[in-house]
Amino acid sequence: MTDLHTRMALMVGVVALVATGWWAFGPKEQGYVFDVPQGIPPPHVPDDNPMTDAKVELGRYLFYSKQLSINGEQSCASCHRQELAFTDGRPTAVGTTGEVHFRGSMTLTNAGYAQRLTWASSLVDDLAAQALLPMFGETPVELGLAGKEDVLMQRMRDDQALAPRFKAAFPDDKDPFTLQNLTHAIACFERTLVSFDSPYDRYLQGDFKALTDEEKKGMELFFSERTECHHCHNGFNFSASTDHTGDIAVEEAFHNTGLYNVDGKGAYPKVDPGLYAVTRKPADMGRFRAPTLRNVAVTAPYMHDGSIATLDDVIDHYANGGRHLQSGEHVGDGSKSPLKSDFIVGFALKASEKKALLAFLRTLTDDTFLNDPRFADPYAATSTSAAAK
Amino acid sequence: MSTSSTKNPTTGWTTAAAGLLLLMLGAGCSQPVPTTLQVQPTYKGAPVGCGDVLSLDDKRQFRLTDLRLFVHDVRVDGDKVVFASSDVAQPHVALLTPLSAPCPTTALSPQLQLPASVVGKAAKLQLTVGVPFDDNHANPAIAQPPLKGTAMHWSWQAGYKFVRLEGHILDDNGQKTAPARVHIGSTACQGPMSAVSHCDQPNRPRVALDVVVAKDAPLVLQLPLDQLVVPTAGDPKPGCMGGVDDVGCPPVLQAVGLDVRTGQALTTWASTQAASVGRTP
C-alpha cells in the first residue's frame, strides 16, 4: 500500500467515526442545519450563540450592509468578496476611510472551523468577538466605528431591511438592537460559509474521475514528506488550526515560513512581526496562522501581506525553504532564518511535478461556494428584482 | 430577695432601643460622603482643555482632542473606597472623561463614597489607572457602563485602553502634520480572550498623592501630560499604540511610572509633579 493509500484509508476511517458519532448529535438540535457532506463534522457552535435561520439571515444582511461603516462607504463584504472566496484581491486591505491595512483580507472559507482568527492572534477565538476588530479597531481604521456604537445601533433601528430582521432573530429580547446581537448574527452567518464541494471533495466521496491523473499526482506530492505541505495545511479543512463539533483539542497552529529575515536573526519587518506583536514572546516572531487552502486559487495575492503574487511563486518560496529578498527595504534570506518552522525544509520539484501540484491546489476551488446565492449580497437581489419590476 | 436586682423587661427594651439609636446615629456619622473625582490635565504646570494647543518646541505644537482613563482600587489612607454606580462608574471601576465638546466626550465625573471621618483632614489618596484584570478581558458587547464603550476597548489586545490620549501635531503654521495617539493598556496577554491567564505587561500606572478632603468640593486629580504629547525622535507614528517595536512607547510608559519591560508600576504617575490634588475646606 502506498503512502497515499494509507492516508486515504485513515481518512475513510475517520470519516466513518464522524458519520456514526459526531453526526448523531450534530447541528439539527441547534436550530440550523449545516450544509456539510456526510463525514464532515459541522463547525463548533458556542453555547452562547446557537445557530438559527433568523440570525443567519440577519447576519447576511449585516455583512453586506454599508451601515456598518462610519461613512457608509464599506461593508464587511467590501473586503470579503464571495467570488474571491471572501478575500478582496488586494495585497493588503483598504479601510473605509482610505487607511491601508498592513495585512491582506483573509478568506472566510470555513471561518467557523478556525481555532484562532485573524492572521496572527492567540487571543481571538470567537467569530463574534472577532467582528469587533474591523468595526471598532483603530490601528488601522477599517470600518471606523470606534466610540460610535450608539450611532450604529440607531442606524439598525432605522434601517428598513435590518430592523425587522433584528426583531425576528431575537424575538425574546425587549430591545433586540444590541451590539451583542449584531456580532452574534454576523458570526452565525460567517459560520455558514462552509466549502466542501470542490472536485477534491467529490473525489473523496467516490467520484474517482473528479480528479485528473495530473491532479492526483499533485495530491500525492501535497501529502508527501517531500513537500511537507500537509503538516500545516492538514485535515479536512487544509489547516491545522481547525476546530469542529466534537473536537476537544486546541491546536494553535502558527508558523514562521521564512518569508523575511531582515536582521539575520529571523526578524520580520516592524510593521508586522506576526504573533510576536500579541504575545511578545521572541520565539513568536514571524509566526502566522496557516489558513485553509480551500479555494486558494482565487485568493491571490498570497501570504499575510500579499507579498507573493501567484501560487506558482508560493511554491517557489517553499521549494527554496524560505524567501531570499535581494533588494528592497526588507533584504534578507528567509531560508536562513533561525526562527523558521521545521517544516520549511525546501524541496526540489521537476517542472511536471510543480505543474501537478498547482493543478491539485486548483482542485480545491469550490464553484458552488463561490456562487452560492445563500452567501450572496441580498441587497443586490432586491435591486435586481426591483429593476425587473 | 431584693427586687432591685430584678431586671425590668420594659427598662431592658428601652435601654436596648436607646443603644440601637445611638448605634444608628453613630453609623450615621460614618455614612459615606459622596465626593466627585475629577481629572485636570496639565501641561507645563498649567491646566489644559479640549482643543488647547500645547507648544512642544519652536516649530511644533500639539492640539489636544481626546483624553479618557479608567481608574480603580482607590484608597484613602490605605482604606479602600468605592464609587457610586452611574454611567461612568461601577463600585470598583470608573471612567474619567475631563474633556467636553468638540472633543468626543462629555466631562463626567464619578462620585467616590468617602468615609466621613476623612473630611476636613489631610489624607493619602492612592489609585490605580486601568481596568482590574478580572474585568479587562470581558466582552464589551455585554459589559455594563463604563466598560461597554468601544472607544476604550482595545480589541486587538483583547482588553481595554486604560488611557486614551489623542491629538494632532501641528506645524508652525498651525497646520496638522500627523495624528498623535497614546493608548496604554495591558499587553502580552496570554491565552484565548475567553480565558486570558495573565498579561506579561499589566501596564497599570499608579497615583499616590497627599490631599485635603473637603466636604462639597471635588477631589481634583491633576495629571501632567508633558511627557506624553512630545513625539519621540524617529517615530513615524507619534505616540504609543502598544506596538511591540513602537519607539514612542518607552518614553510614554516611563512618564507614567511604568517599567517598560515588565509593565509594573515603579513609581507613581503624578508624584513627580509638584501639582497638588484636592481642595482645602
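## Exercises on a predicted two-chain model

In helix 2 of chain A, the buried residues are Lys55(A), Val56(A), Leu58(A), Gly59(A), Arg60(A), Tyr61(A), Leu62(A) and Phe63(A). The model is predicted: local features need pLDDT of at least 70 and side-chain atom pairs count only at pLDDT 80 or more, while totals for chains, interfaces and linings use all residues. Residues are numbered from 1 along each chain as its sequence is written, and chains are lettered from A and ligands numbered from 1 in the order in which they are written.

**Exercise 1.** Find out how much of helix 2 of chain A is buried, then look at chain A as a whole.

*Solution.* 
- Step 1: Helix 2 spans residues 53–63 of chain A, and eight of its 11 residues are buried, so the helix is mostly covered.
- Step 2: Across the 389 residues of chain A, 48% are buried.
- Step 3: Chain A holds 16 helices and four strands. These are DSSP runs numbered from the N terminus (helices: H or I, at least four residues; strands: E, at least two).

**Exercise 2.** Describe how the two domains of chain A meet.

*Solution.* 
- Step 1: Domain 1 covers 53–194 + 369–388, and domain 2 covers 199–367. Such bounds come from an automatic or database domain assignment.
- Step 2: Their C-alpha centres lie 27 Å apart.
- Step 3: Contact joins 25 residues of domain 1 of chain A to 31 residues of domain 2 of chain A. Two residues are in contact if their C-beta atoms, placed from the backbone, lie within 7 Å.
- Step 4: On the domain 1 side, there are 12 nonpolar, 10 polar and three charged residues. Nonpolar means Ala, Val, Leu, Ile, Met, Phe, Trp, Tyr, Cys and Pro; charged means Asp, Glu, Lys and Arg; the others, Gly among them, are polar.

**Exercise 3.** Work out how helix 10 and helix 14 of chain A are arranged.

*Solution.* 
- Step 1: The axes of helix 10 (residues 213–222) and helix 14 (residues 351–362) of chain A come within 7 Å and cross at roughly 95 degrees. Axes are lines fitted to C-alpha atoms, for helices over the stretch in contact, with angles from 0 to 180 degrees between N-to-C directions.
- Step 2: Helix 10 of chain A is therefore roughly perpendicular to helix 14 of chain A. The cut-offs are under 35 degrees for roughly parallel, over 145 for roughly antiparallel, 65 to 115 for roughly perpendicular, and oblique for the rest.
- Step 3: Residues of helix 10 in this contact include Met219(A) and Phe222(A), while those of helix 14 include Leu357(A) and Phe360(A).
- Step 4: By class, the contact has eight nonpolar, one polar and four charged residues.

**Exercise 4.** Describe the side of chain B that touches chain A.

*Solution.* 
- Step 1: The contact uses 23 residues from chain B and 24 residues from chain A.
- Step 2: Strand 14 (residues 187–190) of chain B gives the largest share of the chain B side, four residues.
- Step 3: The chain B side divides into 12 nonpolar, nine polar and two charged residues.

**Exercise 5.** Check the confidence of the model.

*Solution.* 
- Step 1: The predictor gives the complex an ipTM of 0.84 and a pTM of 0.87.
- Step 2: Chain B has a mean of 84, and 85% of its residues reach 70 or more.
- Step 3: In chain B, confidence is lowest in helix 1 (residues 9–29), at a mean of 45, and highest in strand 7 (residues 93–96), at 97.

Notes
pLDDT is the predictor's confidence in each residue, from 0 to 100. A residue is buried if 20 or more other C-beta atoms lie within 10 Å of its own, exposed if 12 or fewer, and partly exposed in between; C-beta atoms are placed from the backbone.
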